Amino acid sequence: MYTWNHTNKPDFILMGLTDSKEIQLILSVLFLLIYLVTVLGNIGMILIIYIDTQLHTPMYFFLTHLSVVDLSYSTAITPKTLENMLTTNKSISYTNCFAQLYIFILLAATECFLLSSMAYDRYIAICNPLHYPVIMSPRCCLALLTGSYVIGAVDSTLTVFSMITLHFCKSNVIRHFYCDTSPLLSLSCSDTHVVEIIIFIFAGSTILGSLFTISGSYVSILSTILKINSTSGKQKAFSTCASHLLGVTVFYSTLIFTYLKPTKSYSLGKEEVASVFYTIVIPMLNPLIYSLRNKEVKSAVVRLVKKGQGSRKLI
C-alpha cells in the first residue's frame, strides 16, 4: 500500500479488474471488440437518423443525443481501461482522474433525463396523439434536451467540487478500472460524511426523479393501451415503447445497484461487474436495442440500402 502527500497531487494508480495477465488479455480483446461495436453502432444510428427524413421526429431527436452520450462516456472510460490492461502504465493524473469522473457523472445524469424525455414523448404520442405535434414541438424538444444537459452539469459539478476538497493521503491506489466516487472516497483521510450525503442526495434525486417520470409515463401508457379494443391496436401501441422500455430496464437496474447504497458498503466484485455493464456494455447495447427491435429504424436501413443500390445502377 502506497502512502502519499495530497499537497503534491501525484498520479493515482488504477488497479483495474484483475491482476492476472491472462485474464487481462482476454478482457482487453473483449472490451476492444465491444468498444468498436459501440463506436460503429452509435455513429451508424446517428447517421441513419440524420440521413432518413422519415426519422426526423422528436423520439429520434432524443435517440440521436442518447447515442452521442453513450459514445462519449464510453470513450471517456474504455480507451484508458484498455491502456491499463495492455501496458504497464496504470497511472492517471489527479486532474485527469477528476476530469474523467466529471465527464462520466455529467453524461450518466444526462442519459437519465434523456430517457425520461423519451418516455414523456411516448406518453404524449399514445395518450394524447391529436395534440402530439403541438406539445412535442421543436421548442419543447430543445427545452427537454437542454434541461437534461443542465441537470447533468449541475449534478456533476457539485459532486466533483465537493470531492476535490477532500485530502487523499491514505493511498494513491484506486481499486477500480476508472475513477468513480466510492473507490476515491475510500482513499480519503478526511471526514467524508458530508460529501457522501451530497453524492447520495444528487445521485438519488437524478436516478429516482427520472425513474418516477418514466414510471408515471408508462403507467399512463399502459392504462391507455388496455382501453384499446383491438389486439392489433394494442400490439402496435406497445411496440412503439418496447425498445425504450428494455433500454430503461437494463440501464437503471445496474445504476441503482451501484449508486443507491451507502458508500461504506463498497466492495470489489459485484460493483465492478455492474460498473463494466453500464460503462462499457450498455453503450454498445443501446443502438442494438433501438435498431433490431425497432421497425422504423430497420425500414430506414432498407430504404438507405435500396437508395444506395439505385445510385450504383445509375452510375
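Before I go on, a word on the basis. This is a predicted model, in which local features need pLDDT of at least 70 and side-chain atom pairs count only at pLDDT 80 or more, while totals for chains, interfaces and linings use all residues. Residues are numbered from 1 along each chain as its sequence is written, and side-chain values use heavy atoms, with hydrogens and water left out.

Let me begin with the overall picture. The chain has 10 helices and three strands, and read from the N terminus the elements follow the order β-α-α-β-α-α-α-β-α-α-α-α-α; helices here are DSSP runs of H or I with at least four residues, strands are runs of E with at least two, and both are numbered from the N terminus. Of the 315 residues, 48% count as buried. The chain exposes about 15700 Å², of which carbon and sulfur atoms supply 69%, with accessible areas taken from the Shrake-Rupley method with a 1.4 Å probe, and with only the protein chains shown counting as cover for residues. If we take contacts, meaning heavy atoms within 4.5 Å, between residues at least 6 apart in sequence, then 78% of them join residues at least 24 apart.

Now back to Leu33, which has its place in helix H1. On the surface, Leu25, Val29, Leu32, Leu33, Leu36 and Leu86 form a nonpolar patch with about 550 Å² of accessible area together, and helix H1, residues 21–51, gives the most to this patch, with five residues. A patch is built from residues with over 30% relative accessible area and no salt bridge, like charges being joined within 9 Å and nonpolar side chains (Val, Leu, Ile, Met, Phe, Trp, Tyr) within 5 Å. Helix H1 also holds Leu27, which touches Leu17, Thr18 and Met85 when residues up to four places away in sequence are not counted. Leu27 and Leu82 are 55 residues apart in sequence, yet 8.7 Å apart in space, C-alpha to C-alpha.

Let me turn to the aromatic rings. Rings of Phe, Tyr and Trp (its six-membered ring) pair if their centres lie within 6.5 Å, with planes under 30 degrees apart counted as stacked, over 60 as edge-to-face and the rest as tilted. By this rule there are 11 aromatic pairs. One of them joins Tyr73 and Phe104, edge-to-face, at 5.7 Å centre to centre and with 85° between the planes. Tyr73 lies in helix H2 (residues 58–86) and Phe104 in helix H3 (residues 94–127), so this pair ties together parts that are 31 residues apart in sequence. Both Tyr73 and Phe104 are buried. For Phe177 and Tyr178 the ring centres are 4.9 Å apart and the planes stand at 65°, so this pair, too, is edge-to-face. Phe177 is buried at a relative accessible area of 2%, and Tyr178 is buried at 0%. Tyr73, Phe104, Phe177, Tyr178 and Tyr278 form one aromatic cluster.

Next come the charged pairs. Side chains of opposite charge can pair when their charged atoms come close. The structure holds two salt bridges, each a side-chain nitrogen of Lys or Arg within 4 Å of a carboxyl oxygen of Asp or Glu. In one of the two, the side chains of Lys80 and Glu83 meet at 3.5 Å, N to O; being three residues apart in helix H2, they are separated by about one helical turn. Lys80 is buried, with a relative accessible area of 15%, whereas Glu83 is partly exposed, at 30%. Asp121 and Arg122 also meet in a salt bridge, at 2.7 Å, N to O, and both of these residues are buried.

Finally, the record. An unreviewed UniProt entry lists several stretches as "transmembrane region", among them residues 141–168 and 272–290; such annotations may be inferred rather than shown by experiment, and the positions follow the numbering used here, with feature names shortened. In the model, residues 141–168 are 82% helix and 0% strand, with end C-alpha atoms 42 Å apart, while residues 272–290 are 100% helix and 0% strand, with end C-alpha atoms 26 Å apart.

Terms used: Buried < 20%, exposed > 50% of the residue type's maximum accessible area, 1.4 Å probe, protein only.
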